[in-house]
Amino acid sequence: MDVIIKGGTVVTMDRGREILKNFSIGVEDGRIAEVAEKIPGEADFVIDARGKVVIPGLINTHTHAAMTLFRGSADDLPLHRWLQEEIWPVEAKLKPQHVYAGSLLACLEMLTSGITCFNDMYFYLDEVARAAEEAGMRAVLSYPLLDVAGEEQGRELLRLAEEGLRRFGGSELVRVFVGPHAPYTCSEELLLRAKELAERYGTGIHIHVSETEEEVERFVREKGMRPVEYLESIGFLSERVLMAHGVHLSRREQELVSARGAKISHNPVSNMKLGAGIAPVADYIKAGITVALGTDGAASNNVLDLFQEMKACALLQKVSRQDAAALPAWEALRLATVNGALALGMPELGVIRPGAVADIAVVDMRRPHLTPLSNPVSHLVYAARGEDVTDVLVNGRVVVQDGRCRTLDAEEVERFAVREAVELFESAGRGDRLPLAEEVP
Ligand SMILES: [Zn+2]
């Protein structure tokens, strides 16, 4: 065996909802080779998981990794003002180096908190890929497509998107999706070209849909239809489509999404922080939609921690329906693992069983806030935090050990990110947004 994870409580997320006490996992050639009480023989790497819970690596199905550079720079504003006044003017100054630095920081943050795969949409896709590959992290990347500035812009971005698709076709860790930004920033023609591109390359589509009520109202005013109805009317919806947010969907729209097999990435913390609303995901699940979880970018969250996201997701359904059973802990954990894998079209992830890809996180339960270990699933959703993760495997490789990232130098990554953030904000004339950034050496 390459790696043996020894003697932990394994929350398999397999169909039988099995929780295996004092079990071991053998990993070979990037796959889970064995799940058994005892695994004989030698291993290059042994992780002692006694007192720990072993779970499939968490899957972050919507983020903008490089936006870690924007963390804390603009809070407490509604989405459209926040975007137009604070984010876009700074993003206009983005250079490849900024995206690389921000993405490295995001990978460090995600990996050390048990996230093994992320679905990203951002500019300079190559830089995000470079960061993910250096971190040894699995990534699904899309280049944002939009044509608000006209046809020429759409054509140029499509060209870049196709370049990305070609370049990462053979990569082990990086996959490329097609990323039309949103129905309100893409013309019908661009949406259809994006769809055609995804079909031609046999890949997925990552798109923001119905994040705010304002967006839906504008659509109804301008097109006489709600966004999902519009996407259906142009033949855009299919099982390839992963919609980020999907906060405001009518019953009819939920039926359409379910019938077409499109998926939804639910981002509860970002939705709350930007005041976007509450996605009725308990209804979506009932309607048969595959719902997964995402953190969104660090500018609107402000952390990339799926433990917080699972808790927020469960609490938000409970409080909005005044029903404590509206979304149980098990379901929240399913959204962050199995469903994340399905949403990204990679069913070999998100589960611990022989033959599955060895993307695994180990969570230490010997902490005051996780004692006594009455119910591991309850603890994972309601009590654990990203910092409780001690070991992480991606593709069978140990990338985090005893809480320390083995692939990236944490201090160096943090210093680099600070330097690039300051440079970026200063170049946009917004140096005042990060007044204390350089105080931390
Ligand atoms: Zn987003």
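**Exercise 1.** In which strand is the place of Asn 22? Find its backbone angle and its exposure as well.

*Solution.* This is a predicted model, in which local features need pLDDT of at least 70, side-chain atom pairs count only at pLDDT 80 or more, and totals for chains, interfaces and linings use all residues. Residues are numbered from 1 along each chain as its sequence is written.

Step 1. Asn 22 is placed in strand β2, residues 19–28. Strands (E, at least two residues) and helices (H or I, at least four) are DSSP runs, numbered from the N terminus.

Step 2. The phi of Asn 22 is near 55°, a positive value in a residue other than glycine. Most residues other than glycine have a negative phi.

Step 3. Asn 22 has 13 C-beta neighbours inside 10 Å, so Asn 22 counts as partly exposed. A residue is buried if 20 or more other C-beta atoms lie within 10 Å of its own, exposed if 12 or fewer, and partly exposed in between, with C-beta atoms placed from the backbone.

**Exercise 2.** Is Ser 210 buried or exposed? Locate it too.

*Solution.* Step 1. Ser 210 sits in the loop between β10 (205–209) and α6 (213–223).

Step 1. Its phi is positive, about 50°, although Ser 210 is not a glycine.

Step 2. Within 10 Å of Ser 210 there are 28 other C-beta atoms, so Ser 210 is buried.

**Exercise 3.** Check the span of helix α4 (residues 151–167) and describe its faces.

*Solution.* Step 1. The expected span is 1.5 Å times one less than the number of residues. For the 17 residues of α4 this should give 24 Å, and the end C-alpha atoms are 24 Å apart, which agrees.

Step 1. The buried residues of α4 are Gly 154, Leu 157, Leu 158, Ala 161, Gly 164 and Leu 165. Seen down the axis, they fall within an arc of 120°, so they line one face of the helix. The arc is that of the directions from the helix axis to the C-beta atoms.

Step 2. The face turned away from the buried side carries the exposed residues Glu 152, Arg 155, Arg 159 and Arg 166.
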